[in-house]
Amino acid sequence: MKIILIRVIIVAGLIFTFSCNKENKSVSHPNINIESKIDSILSLLTLEEKVDLCHAQSKFSTKGVERLGIPEIWMSDGPHGVRAEISWDSWDYAGWTNDSITAFPALTCLAATFNPELAGDYGFNLGEEARFRNKDVLLGPGVNIYRTPFNGRNFEYMGEDPFLASTMVVPYIKGVQKNGVAACVKHYALNNQEHWRDEVNVEVSDRALHEIYLPAFKVAVQDAKAWALMGAYNKFRGQYTTHHELLTNKILKGDWGYDGVVISDWSSAHNTLEAANNGLDIEMGTGTDGLGFTTENHYSKYYLADPFLEKLKTGEISEEVLNDKVRRVLRLRYRTNLSENRPLGRANNIEHHEVAREVASEGIVLLKNEDNFFPIKDKAGLTIAVIGENATRSMTAGGGSSELKPKFEISPLQGIQERYRKATVLHTMGFESGRSEYDIVHPSTLDQDSLKVEAIKLAEKADIVLFVGGLNKSHLQDCEGDDRQQYGLPFGQEELIGEISKVNKNLGFILVTGNSVEMPWLDKVKGLLETWYLGSMAGHAIADVVSGDVNPSGKLPFTFPKKLTDNAAHYFGVESYPGVHINNEKTRNSETALLNAEIKSQVSPTQEYKEGILVGYRWHDTKEIEPLYAFGYGLSYTSFNIENISADNETFNQDGKITITCDVTNTGDMAGAEVVQIYIGKSDSKIERAKKELKGFTKVNLEKGENKTVSITVDVSKLKYYNESKSDWDFETGDYEIYVGNASNNISKTLKVTVL
Ligand code: BGC
């Protein structure tokens with residue numbers, strides 16, 4: 001009797017909470033802690049209800065338990081804005097008219113700001129939009145490390161350096177979650193290319209895993225306390241990463257103490273026993289891999305649905321395994337749609353647009369500025385020819401799951417036209433590529449020769465040409481699902497730039513990409529801005545920088561190699577990227593009864609990350625391969641001096657902190673911002689090490705002529721390396737070099753310190 005009464009009270013509490021939340025009111029819960037609430041609910045759930053909490057009920061939602069008032073979970077991509085509503089059971093858009101949002105700049109741009117505070121604003125404002133759209137989980141941010149410029153999804157990530165990605169991802173996640181919306185950090189782990197992503201098996205050393213590929217996930221979990229994490233499609237050491245004994249059970253949930261949910265990528269689960277026992281909590285998206293698109297009740301066929309239930313009933317899988325998952329999915333609810341005082345959120349408001357613009361203009365990187373080509377003053381009599389398809393093409397459409405439906409998207413052309421009121425701004429496309437569609441390359445529909453002829457004519461009569469080109473969000477460009485296939489610019493742009501430069505030397509390039517590109521045309525352009533994918537406010541942000549209203553302060557979050565084979569992943573050939581098929585004929589022929597997916601897994605391509613820890617600038621520096629543009633590089637319209645550089649001591653204990661101090665002076669003619677970067681190396685190391693690694697940075701704003709003293713503190717523990725023989729982090733005592741500068745290849749001073 002007593003038990004029944006308690007149950008009724010709990011159920012009533014849940015129902016009350018849920019109905020109030022539906023009205024967007026904040027509610028208070030009975031004053032008992034979440035874990036004990038979860039325990040009480042667990043005892044009320046049937047086996048079937050518990051299993052139902054562990055898999056999708058539609059493309060982007062999971063079931064609740066109606067009779068107990070446990071709400072559904074609703075998710076949305078991520079990571080640059082809240083995606084438009086998708087249909088219940090297909091990838092088609094649902095056609096809502098109230099789901100347009102603010103498109104924030106791509107994460108490469110956010111990383112390029114080197115401004116963690118701005119990452120916090122980005123996350124918070126984006127989280128508000130997710131909350132407004134009634135989402136419980138935002139599928140982002142992405143922190144896969146930039147390994148190759150071919151990866152079609154690099155634009156969704158935060159660059160090649162684990163320290164930079166870690167520093168930027170923490171405030172992003174905290175910001176999102178302040179809204180009672182879970183950030184879902186993805187794709188865990190080693191999803192560093194799109195080509196063959198569903199099957200490729202990654203082989204990488206423990207050292208590179210822990211030092212390069214996992215740190216940003218680790219801080220997402222331990223420092224930012226992310227409530228959700230998404231598995232990846234690929235395999236690692238022969239096992240799918242979404243249900244991985246080492247990655248999920250041992251490292252994530254064991255060593256790191258993660259108490260949130262692991263969500264599969266859409267269709268990345270492959271096996272009931274592994275999904276159950278290796279830490280997958282919520283299975284999403286299955287059905288695109290042969291389980292059938294249209295099968296009735298196909299969600300019940302998921303690996304974590306009926307097949308899971310069967311194995312629980314027969315005892316093949318223990319109920320404790322299920323209970324652990326249920327605890328996590330209920331915890332997710334208490335953190336999101338059952339949480340107290342959940343704010344209401346808002347979308348498309350001026351503050352969000354301003355944050356999007358600020359991130360966009362702060363992330364733009366000035367790469368070249370011969371004869372002070374930029375900024376361009378607005379004046380009567382000046383004719384600016386804006387040439388290139390990217391001047392008008394939407395860059396929020398396409399790209400895969402990060403595609404957005406912004407309320408508006410200011411194109412570069414519109415931004416420039418609105419900013420330049422006295423000058424004459426003319427435009428022609430110059431080149432055209434087909435429309436963007438997932439997995440399909442559409443050919444151009446216009447006559448490229450006529451476009452080129454017109455562009456040259458326009459360039460001839462202009463005083464200044466701004467070429468707006470680069471890549472776009474189509475298949476085989478900067479897009480999910482596959483990788484780029486050429487390092488150079490596509491759609492005849494290289495030739496077009498050559499032709500334009502013959503008739504007008506006053507040529508600047510606004511490069512719109514999420515990746516580095518080869519630049520055989522570099523000496524033909526006087527000015528070069530890397531402007532990424534900037535979202536709703538793209539054109540305004542570009543005009544801010546082109547006009548000088550904003551002084552550029554972005555720094556590259558990844559290296560631009562001169563040629564593809566200068567990049568470490570490509571240097572080692574196809575075994576390193578994209579991998580090779582180890583054709584296991586014996587397995588294929590003997591196991592005719594294997595399911596398609598299983599056969600595929602027997603013959604999956606394998607790739608070996610042969611460069612180990614030497615990713616990005618670590619490779620270029622250590623092997624002395626000069627990059628075209630280095631990690632951390634970016635010019636300004638003003639100039640800075642970094643001087644009086646010193647450390648607070650010469651010797652440090654292993655649990656100490658090194659504080660580096662320097663004076664930064666703005667020696668030019670306008671206000672600006674500089675990023676002081678601290679790299680540390682150990683040239684006499686007994687083990688292989690990169691020449692130097694980023695360990696600290698700070699962005700400092702300075703008025704013209706102003707001088708500031710800045711201090712950056714590095715925990716000595718950050719100098720540890722991952723010792724494979726001990727399977728743990730380890731120290732090398734002795735001397736270290738501290739490099740202080742404003743780019744990985746522009747060091748003002750090197751200090752020596754000793755660690756005892
Ligand atoms: C992507 C994820 C995305 C999911 C849902 C997958 O194909 O890899 O990043 O969140 O789809 O759209």
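**Loops, cavities and the ligand**

Trainee: Where is P343 found?
Mentor: P343 is found in the loop between α12, which covers residues 319-335, and α13, which covers 350-363. Keep in mind that this is a predicted model.

Trainee: And does P343 count as buried, exposed or partly exposed?
Mentor: P343 counts as partly exposed, because its relative accessibility is 31%, and the limits for that class are 20% and 50%.

Trainee: How many Å separate the C-alpha atoms of P343 and M158?
Mentor: The C-alpha atoms of P343 and M158 are separated by 28 Å, and the two residues are 185 residues apart along the chain.

Trainee: OK, switching to the ligand: which residues are the closest?
Mentor: The ligand is surrounded by 15 residues, and the closest of these are D77, R153, H187, D265 and E480. By class, the shell around the ligand divides into 6 nonpolar, 2 polar and 7 charged residues.

Trainee: What share of the ligand's accessible area does the protein cover?
Mentor: On its own the ligand has 310 Å² of accessible area, and the protein covers 97% of that.

Trainee: Back to H187, where is its place?
Mentor: H187 sits in strand β4, which comprises residues 182-188. The peptide bond between K186 and H187 is cis, with omega at about -5 degrees.

Trainee: What about the peptide bond from G78 to P79?
Mentor: The bond from G78 to P79 is also cis, with omega near -10 degrees, and P79 is located in the loop that runs between β2 (73-77) and α4 (107-112).

Trainee: What is phi of D371 near?
Mentor: Phi of D371 is near 50 degrees, which is positive in a residue other than glycine. D371 belongs to the loop between β10 (365-369) and β11 (383-387), and it counts as exposed because its relative accessibility is 61%.

Trainee: And N644, where is its place?
Mentor: N644 is placed in strand β20, residues 640-647, and although it is not a glycine, its phi is positive at about 50 degrees. With a relative accessibility of 55%, N644 counts as exposed, because the cut-off for that class is over 50%.

Trainee: Now cavities: how many does a search of the whole structure find?
Mentor: The search finds 4 cavities of 30 Å³ or more, and the largest cavity holds about 100 Å³ of space. The largest cavity is lined by 15 residues, of which M395, P412, V512, L534 and A538 are the closest to its centre.

Trainee: How does the lining of the largest cavity divide?
Mentor: The lining of the largest cavity has 8 nonpolar, 5 polar and 2 charged residues.

Trainee: Last one, is S553 buried or exposed?
Mentor: S553 counts as buried, because its relative accessibility is 5%, which is under the 20% cut-off. S553 is placed in the loop between α17 (538-547) and α18 (568-571), and its side chain is joined to the side chain of K699 by a polar contact of 2.9 Å.

Technical notes:
Residues numbered from 1 in each chain as written. Predicted model: local features only at pLDDT ≥ 70, side-chain atom pairs only at ≥ 80, totals over all residues. Heavy atoms only, no water. 1 Å grid on protein atoms, 1.4 Å probe; cavity = no way out; pocket = protein on both sides within 12 Å on 5 of 7 lines; lining within 4 Å. Points joined across faces, edges and corners; volume = space filled by probe spheres on them. Nonpolar A, V, L, I, M, F, W, Y, C, P; charged D, E, K, R; others polar. Near = heavy atom within 4 Å. Areas by Shrake-Rupley, 256 points an atom, 1.4 Å probe, with all protein chains shown as cover. Helix = DSSP H or I, 4+ residues; strand = E, 2+ residues; numbered from the N terminus. Buried < 20%, exposed > 50% of the residue type's maximum accessible area, 1.4 Å probe, protein only. Polar contact = N/O pair within 3.5 Å; in protein donor to acceptor, adjacent residues only side chain to side chain.
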